Amino acid sequence: MAEKNGEVQEIKHQEVGHKSLLQSDALYQYILETSVYPREPASMKELREVTAKHPWNLMTTSADEGQFLNMLLKLINAKNTMEIGVYTGYSLLATALAIPEDGKILAMDINRENYEIGLPIIEKAGVSHKIDFREGPALPLLDQLLEDKNNHGTYDFIFVDADKDNYINYHKRIIELVKVGGVIGYDNTLWNGSVAAPADAPMRKYVRYYRDFVLELNKALAEDQRVEICMLPIGDGITLCRRII
């Protein structure tokens with residue numbers, strides 16, 4: 001809170017695409033200014049600022065989540081990775097900067113035009129050679145990968161931030177592609193906090209539409225004995241799944 005002209009006013013966050021579930025915008029702004037922005041690579045800052053001008057900027061990965069993914073990938077020594085849902089490539093860039101020089105990212109999105117917004121920045125950062133971008137629906141490509149047994153259990157990390165109504169379908173496939181000990185990250189698993197709200201609570205149309213799909217995924221992951229899970233209130237919620245079987 002801040003005081004202006006004798007009146008107490010709420011401090012609003014400055015992060016475009018902000019999806020933090022923190023109750024205090026001032027606390028979220030403190031995290032950004034203290035921990036995230038001072039350590040954000042110049043290329044990621046540039047891409048974040050370019051994305052902020054796009055009309056669909058709410059789709060972007062938040063800066064704090066980008067920082068989290070970058071550190072996670074380093075902690076697990078990820079080298080062979082996959083990303084389903086790219087948008088302008090903020091999380092993709094966070095991944096590319098984290099993995100080794102000979103690391104690889106199979107990146108899928110239905111819209112190359114959005115990817116190409118961030119591509120010049122990714123190229124300038126010197127990491128575009130790590131990315132194999134495929135335009136089109138992810139499910140057919142995943143099925144194609146699964147046909148070759150040599151692809152099974154070969155991915156260190158897979159990040160999913162795409163159409164929520166297909167999350168279950170993605171999980172059925174990528175659980176076979178990630179290695180035992182590897183990690184899958186599902187974004188938006190708290191879905192604007194709607195997962196804990198009554199079914200008749202006021203919600204934006206798109207939030208209500210996808211809510212049931214997110215709830216279905218969360219229930220399925222909680223029951224899936226092939227993975228250990230951890231749901232984190234970063235961004236709009238991210239659930240990490242570590243394959244154990």
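Biologist: Which residues touch the most other members of the largest nonpolar core?

Modeller: In this predicted model, M82, I84, L142 and I174 touch the most other members of that core, which has 27 residues. At least two of its residues come from each of several elements, among them β3 (80-84), α6 (138-147) and α7 (167-177). Leaving aside neighbours within four places in sequence, I174 is in contact with M82, I84, L142, I158, V160, I184 and Y186.

Biologist: What puts the buried residues of α6 on the same side of the helix?

Modeller: The buried residues are A138, L139, L141, L142, L145 and L146; because they cover an arc of only 160° around the axis, they lie on the same side of α6. On the other side of α6, Q144 and E147 are exposed, whereas the cover over the buried residues includes β3, β4, β5 (131-135), β6 and α7.

Biologist: Why is the pairing of K79 and D102 called a salt bridge?

Modeller: Their side chains meet at 2.9 Å, N to O, and the cut-off is within 4 Å, so the pair qualifies as a salt bridge. K79 lies in the loop between α3 (63-75) and β3, and D102 in the loop between α4 (90-98) and β4, so the pair ties together parts that are 23 residues apart in sequence.

Biologist: What makes D102 partly exposed rather than exposed?

Modeller: Its relative accessibility is 46%, and exposed requires over 50% while buried requires under 20%, so D102 counts as partly exposed.

Key
Residues numbered from 1 in each chain as written. Predicted model: local features only at pLDDT ≥ 70, side-chain atom pairs only at ≥ 80, totals over all residues. Heavy atoms only, no water. Core = buried A, V, L, I, M, F, W, Y, C linked by side-chain atoms within 4.5 Å. Buried < 20%, exposed > 50% of the residue type's maximum accessible area, 1.4 Å probe, protein only. Helix = DSSP H or I, 4+ residues; strand = E, 2+ residues; numbered from the N terminus. Contact = heavy atoms within 4.5 Å. Arc of directions from axis to C-beta.
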